[in-house]
Amino acid sequence: MSNLRFATRLNSFASYPAGEWPELKGKPSVLQMAARAAKVGGLTDLDLNYPDHVGENPTELKNKLEDLGLAINGFAMRYYTNPAFKLGAFTHPDESVRREAIDLTKAGIDAAREAGSSLMTIWLGQDGFDYAFQADYDRMWQHEIDGIREVCEHDADCLISIEYKPNEPRSYSLMPDCATTLLAIKEAGCANLGVTLDFAHVLYADEQPAFAAAMIARHSRLLGVHLNDGYAKRDDGLMVGSVHSIQTIELLRQIRRDGYEGAIYFDTFPDMTGLDPVHECEVNIKTVKRMLNVVDRLERDNRLAGAIDRQDAVTAQSIIQEAMLGDVA
């Protein structure tokens, strides 16, 4: 993980607007939020939602962000423009609605490329079902694979990354976990396709984050890492390492061993409770740097490799606690 880059969710910087823009009426603009994000020490990149954050001139937006000292890590699709998407984007029963979702995604890819980015993250949260006997599962799955394949083939030089999530807004998502997502990637068969691993999504998919990352590296490739935390019941969007510190450290160790070179993106929700987003993001960056220092210490400790080889959980935990908290007198 050389040339470490940190990216963040732009909408986080709408948190507590009265503290930043006391005269503001309504919501802050994209550039107002970006200017606030630029105050974060150590932040290098932003991810932008499409079409929410992107106007008619992506190149101009890119230049304005660069003037603030920020690069664009990637775009993320949002399927809100048509109320019909609530019943599905790539899987809607109406072919014209599916076509609209696919064409919107292609337009988003084009805009990302104009803005100098080669990463598009697709979260297909609307593609799923809520009731038994609501869906023809085979047909719905085929629509999903066809849609994914078509947007991947639109621009072979743009990386398309699937961000999976067990549910919400649909009761059951078609891309709920690591294994199902890897199956979809295999069926789609596109070289520019991969996975975005969101820590909180992985937790409430009842998965171990480092194990999921290892399987992604084995069968596809990891194109994005969204760090946050939660209690494995929903997408809490809590600060990095606030609940699952050891699992976060294990994930960072795993992705570094697997050669991940992308940005570390903070998908946290300070805006949910009015936290100071600049301070929150700075603490997230410092937390990851501290955790990477722990990873460095662990990688230099031959005892850990031996404990893992033996599947000696007690010794491994002792070594990890020592690396995190120091030795006892």
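Student: How do the residues lining the largest cavity divide into nonpolar, polar and charged?

Tutor: The lining has 4 nonpolar, 3 polar and 3 charged residues. Ala, Val, Leu, Ile, Met, Phe, Trp, Tyr, Cys and Pro count as nonpolar, Asp, Glu, Lys and Arg as charged, and the others, Gly among them, as polar. Bear in mind that this is a predicted model: local features need pLDDT of at least 70, side-chain atom pairs count only at pLDDT 80 or more, and totals for chains, interfaces and linings use all residues. Residues are numbered from 1 along each chain as its sequence is written, and side-chain values use heavy atoms, with hydrogens and water left out.

Student: Fine. Which residues line the largest cavity?

Tutor: W123, L124, G125, E163, Y164, K165, N167, E168, S173 and M175. About 50 Å³ of space lies in there.

Student: How many cavities of 30 Å³ or more are there?

Tutor: The structure holds 1. A cavity here is a set of points on a 1 Å grid over the protein atoms alone, where a 1.4 Å probe fits but cannot get out. A pocket is an open set with protein on both sides within 12 Å along at least five of seven lines. Lining residues have an atom within 4 Å of a point. Points are joined across faces, edges and corners, and a volume is the space filled by probe spheres set on them.

Student: And how much space lies in the largest pocket?

Tutor: About 930 Å³. Its lining has 39 residues, and R9, K165, D235, D267 and F269 are the closest to its centre. By class, the lining splits into 15 nonpolar, 11 polar and 13 charged.

Student: On to the strands. Which way do β6 and β8 run, parallel or antiparallel?

Tutor: Parallel, with 4 bridges joining β6 (residues 159–163) to β8. I160 has L193 as its bridge partner in β8. Strands are DSSP E runs of at least two residues, helices are H or I runs of at least four, and both are numbered from the N terminus. Two strands pair if DSSP finds at least two bridges between them.

Student: What about β8 and β9, how many bridges there?

Tutor: 4 again, in the parallel sense, with β9 covering residues 222–227. T196 stands opposite G224, and L197 is opposite V225. From β9, 3 bridges lead on to β10 (residues 264–266), also parallel. There H226 faces Y265.

Student: Why call β9 largely enclosed?

Tutor: Because 6 of its 6 residues are buried. Buried means under 20% relative accessible area, exposed over 50%, partly exposed in between (1.4 Å probe, protein chains only). β8 (residues 193–198) is mostly covered, with 6 of its 6 residues buried.

Student: Switching to cysteines. How many disulfides?

Tutor: 0. A disulfide needs a pair of cysteine sulfur atoms within 2.5 Å.

Student: Last one. Where is D301?

Tutor: In the loop between α10 (277–299) and α11 (302–309). D301 is buried, with a relative accessible area of 17%. Its side chain makes a polar contact with the side chain of R303, at 2.7 Å. A polar contact is a pair of N or O atoms within 3.5 Å; within protein, one must be able to donate a hydrogen and the other to accept it, and residues adjacent in sequence count only if both atoms are side-chain atoms.
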